[in-house]
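Trainee: I would like to take a close look at a single part of this model and then see how other local features can be described in the same terms. Could you guide me through it?

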Amino acid sequence: MKKTLLAGAALSGIMIGLGAVGGATALAQDGASNGGDSVFIVTGTRRDLRSAADSPAPVDVIGGDELVNQGDNDLQNILRTSVPSYNVNTQPISDAATIIRPANLRGLSPDNTLVLLNGKRHHRAAVITFLGGGISDGSQGPDISSFPALGLKQVEVLRDGASSQYGSDAIAGVINFIMRDDREGMTLEAKYGSTYAGDGDNYQVSANIGLPVGDNGFLNLTGEIQDTEATSRSVQRDDAAALIAAGNTAVRNPAQIWGQPEIRDDFKLFANFGLDLNENHQLYAFGTYAQREAEGGFFFRNPTNRGGVYAGPLVDPVTGAPDPVNGVPSVLVGDLSTADTGDCPAGIPLTAGGGLIPDPTVLALVTLDPNCFSFVELFPGGFTPQFGGKLDDYTIAAGLRGTFDMGTGLNYDFSYVNGSNEVEFFINNTINASLGPNTPTSFVPGAYKQTEDLFNLDFSYGVPVEGFASDLNVAFGAEYREEEFDITAGDPASFALGPLATPGGAYPTGQGFSSSSNGFGGFTPQSAGANTQSNTSYYVDLEADVSDQLTLQGAVRFEDYDAFGETTNYKVGGLWKVNDQFSLRSTFSTGFHAPTAGQANVINVTTQFANGVLQDEGTFPLNSPAGQIAADFIEGSVANGGLGLTRPVLGPEESDNFTVGAAFEFGNVDVTVDFFKIELTDRISRSSQIDFFQALTFTANQNSVDVTGLTTPGQLIIALSNAGVVNQADFAGFEDLSAFAFFNNDFDTDTEGVDIVLTSPIFENQPGNTDLTVVANYTSTEVTSAGQTISATRIKQLEENLPNWRANATINHRNGPWRGLVRANYYGEFFEAHLDDGTLPINAGSEITFDAEVGYDVNDNVQLIVGARNIFDSYPDDNPFAGIVGASYPVTAPGGFNGGSYYVKARITR
């Protein structure tokens, strides 16, 4: 019979010759999810057709059936159920994280996990997580929500450091998504679901088809489209309720929504291709495309006190004239003539409704006078911006692999991958206050785009070694990777400094109105542009069965970054099969994660809740003019008004990883236990917030610039620009900042834990077959060295925001045309600094939820399915601070806070 490479590809998932492009193997849940011991993996090893039970490192293998036989539409939530050390939660009001949710493996940052697609490094998402609940702050990870579950053959999760095998980011582990390679058959699925509360309606339609390409090729296609409506688990804010009680009937109820964002026009496409050119060479290619639009709410802007929009000076209670000594609070009024003062009252006194309603007499005067304007005319009940983004993502990959037909047995894999992720932001129901009555209420603040190019040359060769039970597999290769992070400027109104903020005429320091689109300021032309970085790497990987009982593995990798220098990392591992029922395994490795081009160069302004009020917070790179002022302020002496700390820098973070585990059998019960310890130094993160006004004041003092009487950052920027210290254009969009942050290396952590997996058949033919799978994870993180720009609240978030314990137990039963599933999920205790405020601590208890699903085969081609997630409608503990901004539950709850949901599904196969 003629041997074809395609036959090998069908076993390995798309990789042959080199045993895929790297990965690791498993002793664990590996066989559990796929129903046997002969599960082959391609992650963590470069040997052909390695069994999941033959690896020095633990790997979870999640089969295609398990991926689609769950009730969730989002692949991230599916992984959360299957892999307890993988955490992801709902992002209700989290800036750009609403669009691409950050996920954490083994309690580490999202960009400490490397994602592969068909064994090739997958590109990062364009979104940088600015509001990440402490753990994910500043991360830039990949977007796996762009993958359709139906298009996956299996997912391999290497729970071990692997930087020496794959390069940067592989610290917490590696997740390899392997696409389906069927060359025949078709599957069509349709699903509808909703929550018990009656919101969050969702539908999904997906299809997969396998097509032959000649006699020795395949083309496998998957498409998916879905929509998910928003949910609300909100109560009315205390301040909004007080406004309504005082007589303001324009306030929305609830004023601010906490819930699942709306996802619409969510489309995904997978294509996987392979063709045997002859007995020794195969051409392969794969591609992905995804688009979606996500939209959620922001914080409520109170019509009495939102700074830069509503909050006015102390004024005379009758006339609205300035009275800084005996005056009452007011609503800010703008003078549209700007030629001279006195045309308008300074503010509308808040004297009605117990101090919450503007004085009707002065309000009427302002409304009737064309030279005067107040935002209570446009939004009398305040406003809540709606923020979101339109995402486009694609991957194109092609390669040639096989064996050189020269009697050498030298395997090769040459490949190229191009990937891109772009998010164009939008914000509605908001204003640019400095434009006064001419402000739009919808803006496009700009876009982020991440593009990556990857070239790989991989080789492997089996070297006979006398006395070994197998050849010594020698793998070696090289990789070149280039990434580009682009910022596109927003529409002009989104960053404009309008007439009510521009200094001039009778208002040399402006009139106190904020510039830019409120909630998410537009990217200015000065901040727009492209930033690139590249790296070249070389590796050698050795693995062999020294005896029938002992497998040893070693790897070393050298990387050279044009922006951050060189690094060399290594890994050693071993597996000892003591007997047929008991095995031991262990690895030790070093790792690293280099800053991304985005982290090193991003500029962003967002609005965050701090000290009981909303404030604008900026992020800018240390190498920018604003970043240099920040660094000078931090390094400056206390005597001169600085902080007297070490000057911040940004470079790679490094890790030491150790694992040791055991696998054993008790009759029909298979158990694996793996201990891990990860020491991570110089972690890359977004710093805690630093007062921007103080930093600018320090710069003014150092340059002998008189700032007497100046009270805002915008005024200081103008003074510094007039003195020639700074270029005002470099600070466009920063005029209203209260605080700033930057990326640096500022703390070390130790993370350790245990993964436990148990699988067992419970009943066989009594009637039908019933299997049990139990997976549990314990993870604990300690901040061992805290730097100068990390707060005590952030440390507590890093250590306690994720639960130490996660577990689930699943019973699957099959009897004739019926199948059923019952799952119990356990989420341990966790801490939340509500609104990232350490004075609002939530110490939430543990939670147990249950899922159930029943399927019935109508015939050989049609299956009907009904199921429920969180079937008993469990919720996390109540939020004791719900009245502050309206969140009913802790928003970082690891199991979510939507309560129970149900779904129905139909599946047609042929």
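Trainee: Does Asn870 count as buried or exposed, and at what relative accessibility?

Mentor: Asn870 counts as buried, at 10% relative accessibility, where buried means under 20% relative accessible area, exposed means over 50%, and partly exposed lies in between, with a 1.4 Å probe and protein chains only. This is a predicted model, in which local features need pLDDT of at least 70 and side-chain atom pairs count only at pLDDT 80 or more, whereas totals for chains, interfaces and linings use all residues. Residues are numbered from 1 along each chain as its sequence is written, and side-chain values use heavy atoms, with hydrogens and water left out.

Asn870 has a positive phi of about 55 degrees although it is not a glycine, and it lies in the loop between strand 42 (862–869) and helix 14 (882–885); helices (H or I, at least four residues) and strands (E, at least two) are DSSP runs numbered from the N terminus. Ser704, also not a glycine, has a positive phi near 55 degrees, but this residue is exposed, with a relative accessible area of 69%, and its place is in the loop between helix 11 (692–702) and helix 12 (713–722).

Another loop residue is Asn118, found between strand 6 (113–117) and strand 7. Asn118 is buried at a relative accessible area of 1%, and its side chain makes a polar contact of 3.4 Å with that of Asn272; such a contact is a pair of N or O atoms within 3.5 Å, where within protein one must be able to donate a hydrogen and the other to accept it, and residues adjacent in sequence count only if both atoms are side-chain atoms.

Strand 3 runs antiparallel to strand 8 (residues 152–158) and is joined to it by five bridges, and Val59 has Leu158 of strand 8 as its bridge partner.

Elsewhere in the chain, a cis peptide bond with omega about -5 degrees joins Asn253 and Pro254, and Pro254 lies in the loop between helix 6 (238–246) and strand 13 (262–276).

Definitions and conventions: Two strands pair if DSSP finds at least two bridges between them.
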